[in-house]
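Dear colleague,

Please find the structure below, with the sequence alongside. My notes on it follow.

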Amino acid sequence: EWRMGRPLRVRLRAGRDLNAFYDRKSLQFFYDVDRKMGRTVYAVESLDVVAHEAGHAILDVYQPGAWSTPDLETASFHEAFADCSALVVTLSDPAVRRSLLAEAAGSWERSNQVSRLAEAMGRAIHNNYGPGASSDPTRLRDARNDFRYASPEELNPGASDEALAPEPHSFSRVFTGAFYDTMAWLLARALKREPVDAAALDPCETAVGPDPQV
């Protein structure tokens with residue numbers, strides 16, 4: 001395994017599909033044509049997708065037992081960790097932070113360019129397979145959501161992506177939403193305490209803050 005010193009292989013064009021995955025041996029990124037837009041969507045061109053799959057690999061190093069668990073919530077946390085990795089990596093770009101601040105205008109409860117994950121892939125899936133595959137053409141998943149924890153046994157396995165379902169990618173949105181809401185709260189607090197250009201705000205420093213008790 002690559003964690004034992006072997007290189008982690010990366011396949012940039014693994015085949016035709018609107019997908020990407022990490023399988024403990026490699027990172028694989030696929031591509032396909034968005035039939036409505038008429039353009040080829042390469043998963044590897046999306047920073048969100050690349051950071052997501054790399055997030056799986058990083059968590060696998062530190063918690064290898066979480067990879068093959070049959071527990072739904074642990075598998076969902078794996079997906080959430082990957083999505084949260086994408087959020088943090090996206091926010092590492094000062095230009096993105098500046099643009100986000102202008103777009104949000106203090107209203108962090110709204111979906112925005114950072115909270116919407118894998119926009120191109122989400123749009124292609126919606127265009128190619130219809131709203132049953134993805135209800136919103138603007139993203140694959142949105143970290144800004146109102147999902148609340150519920151016992152997986154109480155959820156409908158056939159629910160659309162507008163509702164919570166007992167499937168790791170769907171259920172992960174509970175954890176991802178909580179992470180996003182926390183980051184948004186910390187950012188709003190930091191800006192209120194000392195208004196600065198968003199480009200100067202580092203997401204990690206904002207999360208930790210100057211107060212060691214935070």
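N112 is buried, with a relative accessible area of 1% (buried means under 20% relative accessible area, exposed over 50% and partly exposed in between, with a 1.4 Å probe and protein chains only). The structure is a predicted model, in which local features need pLDDT of at least 70 and side-chain atom pairs count only at pLDDT 80 or more, while totals for chains, interfaces and linings use all residues. Residues are numbered from 1 along each chain as its sequence is written, and side-chain values use heavy atoms, with hydrogens and water left out.

The loop between α3 and β6 (116–117) holds N112; helices (H or I, at least four residues) and strands (E, at least two) are DSSP runs, numbered from the N terminus. The side chain of N112 makes a polar contact of 2.7 Å with that of Y180. A polar contact is a pair of N or O atoms within 3.5 Å; within protein, one must be able to donate a hydrogen and the other to accept it, and residues adjacent in sequence count only if both atoms are side-chain atoms. A polar atom of the N112 side chain also lies 3.4 Å from the backbone oxygen of R110. Not counting residues up to four places away in sequence, N112 touches L100, E103 and Y180, where contact means heavy atoms within 4.5 Å.

In helix α3 (residues 94–104), the buried residues are V96, R97, L100 and A104. They lie on the same side of α3, because they cover an arc of only 100° around the axis (the arc is that of the directions from the helix axis to the C-beta atoms). A105, which follows α3, has a positive phi, near 50°.

D161 is found in the loop between β7 (141–142) and α5. The side chains of D161 and S135 are joined by a polar contact of 2.5 Å. Leaving aside neighbours within four places in sequence, D161 is in contact with S134, S135, R139, F147 and R173. From D161 to G132 the C-alpha to C-alpha distance is 8.2 Å, although the two are 29 residues apart in sequence.

With kind regards
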